Each structure stands twice: as structure tokens, then as C-alpha cells.
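Trainee: I have a new structure open and would like to learn how to read it. Could you walk me through a few features?

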Amino acid sequence: MADPTAGGSTYMIREVWEGNLEEEFGVIRRLIDQYNYIAMDTEFPGVVARPIGPFNSTSDYHYQLLRCNADILNIIQLGITLMDENGTPAPGVCSWQFNFKFSLSSDMYAQESIDLLTNSGIDFMKHEELGIDPLHFGELLTDSGMVLFKNVRWVSFHSGYDFGYLLKLLTCRALPEDEDGFFEVLHTFFPGIYDIKYMMRSCRMLKGGLQDVADDLEVPRIGPQHQAGSDSLLTAMTFFRLREKYFENRVDEPKYLGHLFGLGNHIFQAQASSPTSTATTTTNSAAAVSAVVGA
């Protein structure tokens, strides 16, 4: 991993609005083949609804909570950072902060979340006037080379909500009714996901949120906390430092790839105990993408 404190290292975060959206996607498409590790973070307007039971498990409750909020709320920011398999950032600009159209007068939100984001420097008036059209973004993301390819690795931290909002952008649909359907569509668009929070189950000394883990691993933050571009860059640097320190730079993909912390436990337990799980998952994923693309 490139040392972010070294004099020759440069980490630049590009602000993206509707006006420069297509230009920046063009840059990303040219980079993605080589810089195929995508660290990601989102900012969204909190939690405003609670699901009504009964629930099959704690995991089921958390998914239904995610689902009922992502279905009625709109994303505010998405941050992505591109690095290669060695943790070297894309040259020049390596991080993009996508700012979506969002109106405090017409969109739903939790006030405490808006207060936090405002204090972090997010300009909601600018989001309302210049923000990205979600439909336009979803079209460009689908054709960007970042989704649907097995060689691409998405790196995240406790990211159920993040991927929920991304699937909403990609499919223009409500999220699936249960975890099984969610993971089927998720693994179709994002075949290679690392969730640092899930990986921490094998790192006894690490606890807490992203900033806590970054501090423990002595990874410096670049940019303001609670803005998606800075958070995605910190996620990227933290992942490669974690991989180096705790996994000897080699992560056991069958053990960690595709998992999200706090969701889908029964799915992965069933797959682990079934000798035909790989074939079944492949068949189901093909059916899922056909259903989504054909819709």
C-alpha cells in the first residue's frame, strides 16, 4: 500500500455534480481495468421508519429496517476511491464524491442526520440546485465497468445501507422483500464485496467504527469526516493496512468475500453446509440479472 504520509503520494477528491457527471464517469471507465478495487461510502438522511414484525431473526429485522428506509429515502452522497490490487491509488484524482439532488423542503429525513451532515460541510442548497439526477447516475453506473464484473472488488465498512441505496439507484425498484432476494441481486451487481467490519471478526484487537479502526491502524484521514469522498478514501487505506497487518496481504476470499456485517447469516451458513451451494448461487445470480435487466 502506498504510504499516505510519504511526500510523493497524492490523494485528490473530485467533487461531482450533474454538470460534470458524464465527464467524470468517462475518467473512471478508463481507469477501472487497472484500478479495480473500489472503496465506497454513502451519506443518506438517517432512519425515519421502523418495520412491523414478526421477524425470523435479528438479521431479518435489520434487513427490514434497512429496506423500509432505503425504499422511501433518497441518497445524498456517494464516495468512491479507486486503487489497484496493491493499494496504489489511481494517478491524480483517485476519489470521487457524487452529490445527489436532495431537497430539505420535499425529501424526507431525520433531523439529527441532516444536522450532522450540515456540520460536516454539506451544502444542501447546492444539492437542491446542482445535484445529480439519480436516474442519470444509475444509467452511467450500469455501463461503467464497476458493476457486474467478477474481477472488481468493492471495499466497504458495515455497508448494508450503502449497498441498499446503490441497488436502488441501479434497479430503480424497491428492495427485495427478504434477505435471500437482496443478496441474490446484490451478488449479481457486486460479485466481489469486502466489508471491513465483517473482516474484523478475525481481528480481536480491532473494535468500533471506521475512524476508530483507522486510528488503531495509524491511517490518517484526508478531508472532512462524514463526507462520502473522504470516508471512501479512508476506507480504502484502512482496508489495505488491515490486509497487510492481519492477513499477510492475502485474504481468504471464500471466507470473507460477499459478506455484509449483520446481514445474511443464515444464507451463508446454509451455503457452507451445502455441497451444491456454488452451482445454485451461480444459477440464481444469472436469473436475477436477467430479471432486473429485462424489467
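This is a predicted model: local features need pLDDT of at least 70, side-chain atom pairs count only at pLDDT 80 or more; totals for chains, interfaces and linings use all residues.

Trainee: Is helix 10 mostly covered or mostly exposed?

Mentor: Mostly covered: 17 of its 20 residues are buried. Look also at what follows: just after helix 10, Glu 248 takes a positive phi of about 50 degrees.

Trainee: Now the charged pairs. How many salt bridges are there?

Mentor: The idea is to look for a side-chain nitrogen of Lys or Arg within 4 Å of a carboxyl oxygen of Asp or Glu. By this rule the count here comes to 3 salt bridges.

Trainee: Which residue does Asp 231 pair with?

Mentor: Asp 231 forms its salt bridge with Arg 221, and the closest N and O atoms are 2.7 Å apart. Asp 231 lies in helix 10, while Arg 221 sits in the loop between helix 9 (210-216) and helix 10, so the pair ties together parts that are 10 residues apart in sequence.

Trainee: Why does Asp 231 count as buried?

Mentor: Buried means under 20% relative accessible area, and Asp 231 counts as buried because its value is 6%. Arg 221, at 21%, is partly exposed.

Trainee: What about Arg 14 and Glu 24?

Mentor: Their side chains meet in a salt bridge at 3.0 Å, N to O. This pair links distant parts of the chain, with Arg 14 in strand 1 (residues 12-16) and Glu 24 in helix 1 (residues 21-31), 10 residues apart. Arg 14 is partly exposed, with a relative accessible area of 30%, whereas Glu 24 is buried at 3%.

Trainee: And where do Arg 153 and Glu 253 lie?

Mentor: The side chains of Arg 153 and Glu 253 meet in a salt bridge too, at 3.1 Å, N to O. Arg 153 is in strand 5 (residues 153-156) and Glu 253 in helix 11 (residues 253-256), so the pair ties together parts that are 100 residues apart in sequence. Arg 153 is buried, with a relative accessible area of 12%, but Glu 253 is partly exposed at 27%.

Notes. Residues are numbered from 1 along each chain as its sequence is written. Side-chain values use heavy atoms; hydrogens and water are left out. Buried means under 20% relative accessible area, exposed over 50%, partly exposed in between (1.4 Å probe, protein chains only). Helices (H or I, at least four residues) and strands (E, at least two) are DSSP runs, numbered from the N terminus.
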